[in-house]
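Dear colleague,

Please find below the structure that I am handing over to you. I would be grateful if you would look through it before reading the notes that come after it.

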Amino acid sequence: MAVSRAKVVDQNFTDNVAQLDGATKRNDLGSPVREGFRLTGREAISIFESMVQSRHLDFAARELKVDGQSFYTIGSSGHEANACVAAASRSTDPAFLHYRSGGFFLHRGNQVAGQSPIMDVLLGLVASSDEPIAGGRHKVFGSVDLCIPPQTSTIASHLPKAVGAAFSLGRRARLGIEGRAPADSVILCSFGDASSNHATACAAFNTAALAAHQNLPCPVVFVCEDNGIGISVRTPRGWVADRFKSNPWLTYFGGDGLDIVDAYEAAADAVEHARTTRGPAFLHLRLVRILGHAGSDVEQLYRSTEEIVATEARDPLLATAKMLVSGGWLTPEEILALYERTRETVAALGREAVCRPRSRPSRR
C-alpha cells in the first residue's frame, strides 16, 4: 500500500511541534522578531496563520479528490512563504499569481475585511458555480476585491500581461485615464523556476528590461518561486540566480523562502525598489516542493525516498513554528491549537463547498 506523504507531513509537523521547548512568552508583538530586520512578531504570527491555512487546503484538496469531490490537487506546500510577498505589499497592488501562490492569496484575503479566501479556494477545488472569479470553470487564484486577476499560469503565460499592466500605470497617468489601482502601485507576478525558461517569460523579462533601459516606468516585481524542480525535471543548480543577477535592467533580490524573516525582508526590499524607482525588480525566493507536483504525481519515479524525506524535513511551516516558539512569540500549545482549529475550519467549509451547485459544461 502506498504511503500517504500528506499524512506523513501532517504527522511530522504535530509531532515535532509537540516536542519543542517553549521560551519565555513575549508581549511586545510590535518588536522585530530578529534584530536588524523589519518583520515584527505580530506580522510573523499573521503570516504563519495564512501559511497554516494554505497547508490545510492542500490536505483538503487530496481528501476531496479521494471522495470524488475535487478535480484539482496542485498545491502550495513548501511555498507557503510567498505569503510574505502579500504582507510586504499593499492589498491594492495588482497581483498575477502562480498556481503555487496559495499563501499569498490567503494572506491578502486575510488583510481585507469581508473576504472569505479559504471558502473561495474550496469552491474552485470542487468546481462550484458559486466560485466568485471563474464560476468553477477552472481552479485559479483570483479576486476583484483583492486586485488579483485570475490567471492560468501554465508556461508563464501571465508574465507578459503583468508587464503590460505595469507599463500601463505610467501610461495611464500620462493619458489622464482613471484606473482602479492607485498611481503608485506596483504589479506583482509570481511563477516557478522552470517557467522562467519559457519563451513567454523571456519576452516579459526582455520587455521590462527594455523599458528600464529607456527610462520608461515599468514597476513590476517578478517573484520567482524556486523549488529546484519543474514537475519532474530539475532546474540546474544556481541557474536562476546567476542568470538574473547579471541582468543590469532587472534589479535582483534574493530571499530564503524557508525563513520568513529573510523572505519578508527581501520581499519588502523588492517592492520598495519597484515602488520608488518605478522600475522592475526580480525577487528570487528559494523554496522546496512538498507533496509532489500534484496528488496524481508519483514522485518516487524521479526522486528517491531519501530525497523526499530530506525535503520534508525542511518544511517551512515547521521552521516557522520553531522560530515563533524559540522567540517566545507563541507556545507549542498555541501553535498546535491554531493548527487543529484551522483543520476543523477547512473541513467544515469543505463540507459546505461540496453542497454548492456545480459548474456545468457549456453547450454549443
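The structure is a predicted model, in which local features need pLDDT of at least 70 and side-chain atom pairs count only at pLDDT 80 or more, while totals for chains, interfaces and linings use all residues. Residues are numbered from 1 along each chain as its sequence is written, and side-chain values use heavy atoms, with hydrogens and water left out.

The model holds 19 salt bridges; the term denotes a side-chain nitrogen of Lys or Arg within 4 Å of a carboxyl oxygen of Asp or Glu.

Helices (H or I, at least four residues) and strands (E, at least two) are DSSP runs, numbered from the N terminus. Asp 315 counts as buried at 4% relative accessibility, and Arg 55 counts as buried at 0%. Here, buried means under 20% relative accessible area, exposed over 50%, and partly exposed in between (1.4 Å probe, protein chains only).

H2 is mostly covered, with 19 of its 26 residues buried. Gly 68, whose phi is positive, near 75°, follows H2.

A further salt bridge is formed by Arg 275 and Asp 93, whose closest N and O atoms are 2.6 Å apart. Here too the pair links distant parts of the chain, 182 residues apart, with Arg 275 in helix H9 (residues 260-277) and Asp 93 in the loop between helix H3 (83-88) and strand S1 (95-96). Arg 275 is buried, with a relative accessible area of 14%, and Asp 93 is buried at 0%.

Finally, Arg 234, Arg 289, Asp 297, Glu 299, Arg 303 and Glu 307 are linked in a network of salt bridges. Within it, the side chains of Asp 297 and Arg 289 meet at 3.8 Å, N to O. Asp 297 is partly exposed at 22% relative accessibility, whereas Arg 289 is buried at 3%.

With kind regards
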